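User: I would like to learn how to read the features of a two-chain model, one at a time. Please give the general idea first and then the case at hand.

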Amino acid sequence: MEQSDAAAVAQVRAGDSDAYRVLVERHSHSVFRLAFRMTGNEHDAEDLVQETFLRAYRQIGRFDGRASFGTWLYRIAANCSLDFIRSRQRRREQQTPVDEQGQELESAVAAGDPTPDRLAFSGELQQLLAPALESLSPMERTAFVLRHYEGVCIEEIGKALGVHSGAAKHSVFRAVQKLRKALEPAVSAAKS
Amino acid sequence: MKHLNEDELVLHYYGEVHDGGVEQHLQGCEACRANLESLARVLDAMDGLKAPEPAAAYGSRVWHRIAPQLAQSAERWWTGWLAPRRLVAAAAMAALLIGAFLAGRVSQRRQMAGLSGPVRERIMMVAVGDHLERSQIILVELVNNESKGTVDISEEQRRAEDLIGENRLYRQAALKSGDRAVSSVLDELERVLLEVAHSPSKLDSAEFEQVRQRIESQGILFKIRVVSSNLREREVPPPQGKANTAL
């Protein structure tokens, strides 16, 4: 019979680190998907998956069981991702002046040359989506990914990221506003 | 007629509107319906960002990568204490505490556990110096944290919790030995460590700023540096024949 998450957590807390394997193998795929959407590349996503499980292991004494282990792990993954994209953004800001970043986004969107025919291919569309997501602030991207791709409600996003639900809501709004501005011309062109 | 704004349309798209008025308005307003359709097209297009599906054995691969680090995590407490410098310090602490107990019962002036006063003092200086250095690193990391928005201090809290017990032992030993400068700094440090350990692990920018200001306003980092510097001077072996002050 498959061991439940709660039973595995209890064993880990009792000092059996091997019991953690069940939890890692069960939740790795979903944490990877979240991490990929947050970071936009597989290599960083894999690093984040490992960081998430290590952080969860160190903090497992604080897991109170009010939420499921999966939800608790998701919160840790979201926070690891947020920390990661913040530090990535800081590194980029130090390397690239702000006006150049704006130009990079514009040229990335333009390079997609979004004619209706080309947009019929999801691979081409994906070329536009990644830079559009990159243009969001770390908090906007995290909140948007949780809301849009993971289906987490805004109140839960606030709890997961340790902010008021109003702040989470505004992060989602700002994200949608920016994405709409960047993508609407291309998407409309594809429709017509 | 007041049209729906974009925020209301976003909430509607994600099914987070529980106000029947929005739905009713959409039924009767072509402009808002068109706006919602336009928004939905962009958001639906975002679904095109597919995440690659890892291989079935991915979970097992993650486990093999992190398992050695879990063992290190579990052993950290022991390995920390088994490091030569810490081992000497731990032995000295045990000797000091037992010695203080025996000395109190037998004779205040009798030497403890076979260790001479200068040797005991030097070992104690190394242990306290090491403890202050590790505490200082945590506080410096907190003070220099430049994150905006919510700050996660859970890692610093975990390390602060580890240091609180040691701090208490060193403070009591310093108090017993009459070293007021060291015991006073350790007393202040203990309060700061407790505050860090007992704060919420995620702080918004205002809460984090309060913690940072409390660390800075007490001047604890400066005091730690001064005491550490004094301890390092006292760690240096005295020239032969010159007496040392017993701890």
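**Reading the model feature by feature**

User: How many residues of chain A are in contact with chain B, and how many of chain B with chain A?

Analyst: Two residues are in contact if their C-beta atoms, placed from the backbone, lie within 7 Å. Here 46 residues of chain A are in contact with 37 residues of chain B. The elements of chain A that give two or more residues to this side are α2 (20-39), α3 (42-58), α4 (69-95), α7 (122-134), α8 (138-149), α9 (154-161) and α10 (165-191). The largest share comes from α2(A), with 11 residues. As to conventions, this is a predicted model, in which local features need pLDDT of at least 70 and side-chain atom pairs count only at pLDDT 80 or more, while totals for chains, interfaces and linings use all residues. Residues are numbered from 1 along each chain as its sequence is written, and chains are lettered from A and ligands numbered from 1 in the order in which they are written.

User: What percentage of each chain counts as buried?

Analyst: A residue is buried if 20 or more other C-beta atoms lie within 10 Å of its own, exposed if 12 or fewer, and partly exposed in between, with C-beta atoms placed from the backbone. In chain A, 40% of the 192 residues count as buried. In chain B, buried residues make up 25% of the 247 residues.

User: Is L34(A) buried or exposed?

Analyst: L34(A), in helix α2 of chain A, is buried, because 27 other C-beta atoms lie within 10 Å. Leaving aside its neighbours within four places in sequence, L34(A) is in contact with Y74(A), A77(A), S81(A) and E150(A). L34(A) and E150(A) are 116 residues apart in sequence and 7.6 Å apart in space, C-alpha to C-alpha.

User: Is R232(B) buried or exposed?

Analyst: R232(B) lies in helix α10 (residues 220-235) of chain B. R232(B) counts as exposed, because it has 12 C-beta neighbours inside 10 Å. The C-alpha atoms of R232(B) and M125(B) are 7.4 Å apart, although the two are 107 residues apart in sequence.

User: Which residues touch the most other members of the largest nonpolar core?

Analyst: A nonpolar core is a set of buried Ala, Val, Leu, Ile, Met, Phe, Trp, Tyr and Cys residues joined through C-beta atoms within 7 Å. The largest one has 65 residues, of which A35(A), A77(A), V172(A) and L183(A) touch the most other members. Leaving aside its neighbours within four places in sequence, L183(A) is in contact with L128(A), A132(A), V42(B) and A45(B). A second, separate core of 29 residues includes I153(B), L163(B), A174(B) and L189(B).

User: At what angle do helices α7 and α8 of chain B cross?

Analyst: Axes are lines fitted to C-alpha atoms, for helices over the stretch in contact, and angles run from 0 to 180 degrees between N-to-C directions. The axes of α7(B) (residues 154-177) and α8(B) (residues 180-198) come within 9 Å and cross at roughly 155°. Angles under 35 degrees count as roughly parallel, over 145 as roughly antiparallel, 65 to 115 as roughly perpendicular and the rest as oblique. The pair α7(B) and α8(B) is therefore roughly antiparallel. By class, their contact has 13 nonpolar, 3 polar and 6 charged residues.

User: How are α8(A) and α9(A) set to each other?

Analyst: The axes of α8(A) and α9(A) come within 10 Å and cross at roughly 135°, and the two helices are therefore oblique to each other. In this contact, T142(A), A143(A), L146(A) and R147(A) in α8(A) meet I154(A), I157(A), A160(A) and L161(A) in α9(A).

Key:
Helices (H or I, at least four residues) and strands (E, at least two) are DSSP runs, numbered from the N terminus. Ala, Val, Leu, Ile, Met, Phe, Trp, Tyr, Cys and Pro count as nonpolar, Asp, Glu, Lys and Arg as charged, and the others, Gly among them, as polar.
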